[in-house]
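Hi there,

Here is the structure I promised to pass on. Please open it next to this email, and I will walk you through what I found.

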Amino acid sequence: MISRAVPNQSNFKQSLPIVAAALGRNCGVTIEIGGSGAYTNGKVISLPFLELETPESERKLLGLLCHECGHVRFSEFNNDEKISAFEHSLDNALEDVRIEIEMDKIYPGAERLLKAAHIGDIESLANKPDWPQASLIPMFLLCSAERRLLNREWMEALLKILRDQAISFFGKEVCDKLEGFALRVKDCKSTREVQVLRRSLGLCGLNSSREQEDDSERRKAFGEKCSQTPEAEVKSYTD
């Protein structure tokens, strides 16, 4: 969109700080460009440094900005609940779905930019053969919800991999419950409601899908990986 409006792509680079400053003033935040990733704390939006040499890279940066603006507009940052890293990953995944649904509602062009922001990571993750449980669950919830609620066909390959592994870990019955659980995020109107939803995840019966012997073998096989921070696998796509 922007790249077509100007013949010289260097103009995009030159105008970006001006646009970011104006957008930051309108949103009440500071926008910083040049970090290692895209994230926000509600007061500052940090965007990564990208080589803006193609229209695709321009759209990716704008898509990341669109996503983080969605958090600024729709997320609550004053949460003082003491939660684990795994619970935080669940909250992040579900909240990402919720705010992108809201952005699509009010900005018709948002979906094209959000696709540009995420598709590279999604395609890369689709080549990842094995997922530890602690990363598998939040990513499976996110992909299940976004594939259906946002009609993102480009997530199907990754979703199939995650679904197959979820069935292997937990059994088909629990996997089906997890997919149904993910779709409930469409009814959440706030970050607090997302957290309430996350607390009900245990009702899906994650620990009752296999015999105790099988569960013990899975713990042995994946114990080392699952002891690591689950956000490491999910963070490249969600923030």
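To start with a question: are α4 and α6 roughly parallel or roughly antiparallel to each other? Before the answer, two notes on the source. This is a predicted model, in which local features need pLDDT of at least 70 and side-chain atom pairs count only at pLDDT 80 or more, while totals for chains, interfaces and linings use all residues. Residues are numbered from 1 along each chain as its sequence is written, and side-chain values use heavy atoms, with hydrogens and water left out.

**The α4 and α6 pair**

The axes of α4 and α6 lie 9 Å apart, at an angle of about 10° (axes are lines fitted to C-alpha atoms, for helices over the stretch in contact, and angles run from 0 to 180 degrees between N-to-C directions). These two helices are therefore roughly parallel, a term for angles under 35 degrees. Helices here are DSSP runs of H or I with at least four residues, strands are runs of E with at least two, and both are numbered from the N terminus. Among the α4 residues in contact with α6 are F86, L90 and V97, where contact means heavy atoms within 4.5 Å. On the α6 side, the residues include I137, L141 and L149. By class, this contact has 12 nonpolar, one polar and three charged residues (nonpolar: Ala, Val, Leu, Ile, Met, Phe, Trp, Tyr, Cys and Pro; charged: Asp, Glu, Lys and Arg; polar: the others, Gly among them).

Helix α4 also holds H88, which counts as partly exposed because its relative accessibility is 33% (buried is under 20%, exposed over 50%, partly exposed in between, with a 1.4 Å probe and protein chains only). H88 and R198 are 110 residues apart in sequence, yet their C-alpha atoms are 9.6 Å apart.

**The cores**

A nonpolar core is a set of buried Ala, Val, Leu, Ile, Met, Phe, Trp, Tyr and Cys residues joined through side-chain atoms within 4.5 Å. The largest one has 37 residues, and M139, C143 and F170 are among those touching the most other members. Its largest share, eight residues, comes from α6. Another core, of 17 residues, lies apart from it and includes L16 and L61.

**The sheet**

Three strands form an open, mixed sheet in the order β1-β3-β2; two strands pair if DSSP finds at least two bridges between them. β2 and β3 run antiparallel and are joined by two bridges, and T40 has I45 in β3 as its bridge partner. Helix α3 lies across β1, β2 and β3, at about 160° to β3.

Happy browsing!

How values were computed:
Angles under 35 degrees count as roughly parallel, over 145 as roughly antiparallel, 65 to 115 as roughly perpendicular and the rest as oblique.
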